Each structure stands twice: as C-alpha cells, then as structure tokens.
Amino acid sequence: MRIESGAELQRRVLCNQAVAAVWGAWSALRLPECWLVAGCLTQTVWNARFGLPPAHGISDLDLVYFDPTDLTETGERAHADRIRALLPAIDIRINVKNEARVHLWYEGKFGKPICPYRSVPEAIDTFPTTATAIGLRPAGTGSEIYAPFGLEDLFDAVVRPNKRQVTRDVYEAKVARWRAFWPGLSVVGWDET
C-alpha cells in the first residue's frame, strides 16, 4: 500500500480511534505550536500496510508543543493532566511534551547534552528514525505535515536511523521492539548508513 498524498495519510491515521479522538478535540487542546508526532502515526500506517488493526502495537500517543515562556515540568504536567481529562476514552498513554524544555532533561535520560530546540519542526528533525520523524496537525479542512526525510520510508515500512541525535543503543532497542509487532519491516542496520 503506497500513500500518495497528505489527504490519504490523514485518512489512514484517522482510522486509529485514539488519533481520531485527538483530532476531533484539537481546538480544545490549547497547546502552542502543537503537533501529533512519531510512533502513533507511523505505526498506524504500518498496521494498515500489514493488514493489522489500527491500534496494534501502539503503546502511546505523542503530542508535542512549543512554549519557551514556561519551561517548568509543572506546566508541562498540567497540560498533560488537562488533556488526559479531556480525552478519558483514549485507552493508551498520551504523552504531552514541551519541546522548548527537552534540553533540560535530555542529558539525564540519554547521557549527552543537547542545545535547546527553537521550534517543534527542529525537534522532529532529530527524531530517531526517518520513518518516525513526522508531525501532523489539522490545517483548515485538511492537515499540515512536517516530514524532514520525506514519507518514502514511512510508506515503504523501512526503519532507518536518523543519526543526528539518537544513539546506536536507543535505535537498536526500538528496532527490537518494533520487529516483534511488525516483523515485515525492512530494517536498515546502524552500520549501513
């Protein structure tokens, strides 16, 4: 299955009930520069490609936003709690992250410092694989897509490392988890890029 347009991508990911619920409540999210990103989008497309239920293997849904005026963990948590309360029927974890504050905790979690991001697209540029470096949000009657590596790897179910920030260990752990749920993936090894 090859998705040829943003409209088709939107249609495909909205088959996932959790994504559709977030999409339908978008105006109530009230998050600055908000995007739905990464795994829930990619994995919904993979599920369609491999004939699996839309939510198969998806452990969370990532909403990211950009607010440099509030870099507190408390502020981020308040948004997350509010959005989870707004969408109680979603049965997977909803992660809400302010990309403006990632540099404050990244080194503690991943062992190396990063510079502050200046926008959500700049953060998406560093997502660990080319297929998951994707953001989607409503725009008018359609959607806006940000995919710095294009959509080919996503549509072709190719997992390729984006070495801009991810480590080999993190990449290989993701690959191992994903292969268990989507054994038909084509995986590009760390040393092949």
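User: Which residues of helix α4 are buried?
Analyst: The model is predicted: local features need pLDDT of at least 70 and side-chain atom pairs count only at pLDDT 80 or more, while totals for chains, interfaces and linings use all residues. Residues are numbered from 1 along each chain as its sequence is written, and side-chain values use heavy atoms, with hydrogens and water left out. Helices (H or I, at least four residues) and strands (E, at least two) are DSSP runs numbered from the N terminus, and a residue is buried under 20% relative accessible area, exposed over 50% and partly exposed in between (1.4 Å probe, protein chains only). In α4, the buried residues are Gly39, Cys40, Leu41, Thr42, Gln43, Thr44, Val45, Trp46 and Asn47.

User: How many of the eleven residues of helix α4 are buried?
Analyst: Helix α4 spans residues 39–49 and is largely enclosed by the rest of the structure. The reason is the number of its eleven residues that are buried, which is nine.

User: Is Ala133 buried or exposed?
Analyst: Ala133 sits in the loop between α7 (120–124) and β4 (135–139). Apart from neighbours within four places in sequence, Ala133 has contacts (heavy atoms within 4.5 Å) with Ile124, Phe127, Tyr146, Ala147, Pro148 and Phe149. Because its relative accessibility is 0%, Ala133 counts as buried.

User: Which residues lie closest to the centre of the largest pocket?
Analyst: On a 1 Å grid over the protein atoms alone, a pocket is an open set of points where a 1.4 Å probe fits, with protein on both sides within 12 Å along at least five of seven lines; lining residues have an atom within 4 Å of a point. Points are joined across faces, edges and corners, and a volume is the space filled by probe spheres set on them; for the largest pocket this is about 940 Å³. Among its 33 lining residues, the closest to the centre are Asp62, Lys109, Phe110, Pro128 and Lys174.

User: What is the volume of the second largest pocket?
Analyst: The lining of this pocket includes Cys15, Asn16 and Asp91. Its volume is about 160 Å³.

User: Why are Asp81 and Arg84 separated by about one helical turn?
Analyst: The side chains of Asp81 and Arg84 form a salt bridge (a side-chain nitrogen of Lys or Arg within 4 Å of a carboxyl oxygen of Asp or Glu), with 3.6 Å from N to O. Asp81 is partly exposed at 43% relative accessibility, and Arg84 is partly exposed at 35%. They are separated by about one helical turn because, in helix α5, their spacing is three residues.

User: How many residues apart in sequence are the parts that Asp191 and Arg168 tie together?
Analyst: Asp191 and Arg168 meet in a salt bridge of 2.9 Å, N to O. Asp191 lies in the segment after β7 (186–187) and Arg168 in helix α9, so the pair ties together parts whose separation in sequence is 23 residues.
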